Amino acid sequence: MSENPGAAVPSPGATRLALVSDCGNCFGLCCVALAYSASADFAINKPAGKPCPNLQQDFRCGIHRDLRQSGFRGCTVYDCFGAGQKVSQQTFEGRDWRAEPGTAAPMFEVFPVMRQLHELLWYVTEALALPKARPVHAELRAALEETEAFTDLAPEALRDLDVAAHRGKVNQLLLKASELARADFKGKKKDRRGADLMGAQLKGLDLRGANLRGAFLIAADLRGADLRGADLIGADFRDARLSGADLTEAFFLTQAQLNAAKGDATTKIPPSLTRPAHW
């Protein structure tokens with residue numbers, strides 16, 4: 001945490017860059033620490049703590065370019081928000097679990113905690129970029145600094161951190177920011193928080209300013225829909241059809257959500273995100 005209360009807060013762009021996954025500086029943590037089950041997203045079962053058979057000695061994926069074709073679609077929609085390189089290079093000071101087996105268990109325990117903290121940093125940074133959320137910007141900056149301070153903790157302290165309590169506190173701020181940012185959409189707001197919209201026909205709808213937090217939009221038809229100003233935090237976009245949809249001013253949208261959806265060259269996305277290669 002900054003010792004100078006008047007110190008400048010990093011720009012949203014600079015903070016976002018630090019929250020982009022850098023697999024070249026990670027010890028393949030998502031490929032080892034996490035568990036997954038054979039399904040439409042994963043070709044095999046893998047328990048937590050066991051390296052994926054596709055993980056190479058240099059911690060790179062041996063089938064990275066063919067993950068979808070090889071039955072590992074789930075890997076293409078996962079995002080650690082930069083937690084992997086933070087744990088690998090800072091928390092454990094570049095000591096990898098293969099060279100120093102004693103670091104394996106604590107490293108794998110800490111990684112999911114760091115991932116949650118980095119996800120919060122992403123959302124808070126997004127909220128700070130919302131001009132209409134200015135009334136809570138001071139509180140958001142404090143939350144940003146507190147969260148960043150947590151990411152600098154030693155492994156034991158990170159492992160014991162009550163991250164759920166911290167998430168709950170920060171989420172209340174994010175909700176306030178969302179309400180402020182969507183306040184101008186009177187008469188157009190649609191509160192579908194947590195709604196089951198799997199396979200829903202939403203083609204061409206005006207969803208500006210909608211609250212779609214945690215909504216299940218799996219395989220929903222959102223072609224041509226206007227989602228500007230919509231709150232999309234935690235919305236499940238797996239196989240959602242986004243051709244022609246306008247997401248340019250949607251907020252709390254992540255790269256992983258886009259990667260899980262089905263869009264094309266006509267889908268309008270926020271400038272901070274990248275058009276998925278498989279679209």
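The following exercises concern a predicted model.

**Exercise 1.** Determine what span helix α4 (residues 104–128) should have, and compare it with the distance between its end C-alpha atoms.

*Solution.* Helix α4 holds 25 residues. The expected span is 1.5 Å times one less than the number of residues. For α4 this rule gives 36 Å, and the end C-alpha atoms are 36 Å apart, so the two values agree.

**Exercise 2.** Locate the kink in α4 and state how many of the helix's residues are buried.

*Solution.* The kink lies at F111, shortly before the proline P112, and amounts to about 25 degrees. As for burial, 20 of the 25 residues of α4 are buried, and the helix is thus mostly covered.

**Exercise 3.** Classify the aromatic pair formed by Y36 and F42, and decide whether each residue is buried or exposed.

*Solution.* The whole structure contains eight aromatic pairs. In the pair of Y36 and F42, the centres are 4.2 Å apart and the planes are 10 degrees apart. Planes under 30 degrees apart count as stacked, so this pair is stacked. A residue is buried under 20% relative accessible area. Y36 has 10% and is therefore buried; F42 has 17%, so F42 is buried as well.

**Exercise 4.** Classify the pair of Y36 and F72, and explain what the pair ties together.

*Solution.* Here the centres are 6.3 Å apart, with 80 degrees between the planes. An angle over 60 degrees counts as edge-to-face, so the pair belongs to that class. Both Y36 and F72 lie in the loop between α1 (12–18) and α2 (73–76), so the pair ties together parts that are 36 residues apart in sequence. Y36 and F72 are both buried.

Notes: Residues are numbered from 1 along each chain as its sequence is written. This is a predicted model: local features need pLDDT of at least 70, side-chain atom pairs count only at pLDDT 80 or more; totals for chains, interfaces and linings use all residues. Side-chain values use heavy atoms; hydrogens and water are left out. Helices (H or I, at least four residues) and strands (E, at least two) are DSSP runs, numbered from the N terminus. The bend at a residue is the angle between axes fitted to the seven residues ending there and the seven starting there. Buried means under 20% relative accessible area, exposed over 50%, partly exposed in between (1.4 Å probe, protein chains only). Rings of Phe, Tyr and Trp (its six-membered ring) pair if their centres lie within 6.5 Å; planes under 30 degrees apart count as stacked, over 60 as edge-to-face and the rest as tilted.
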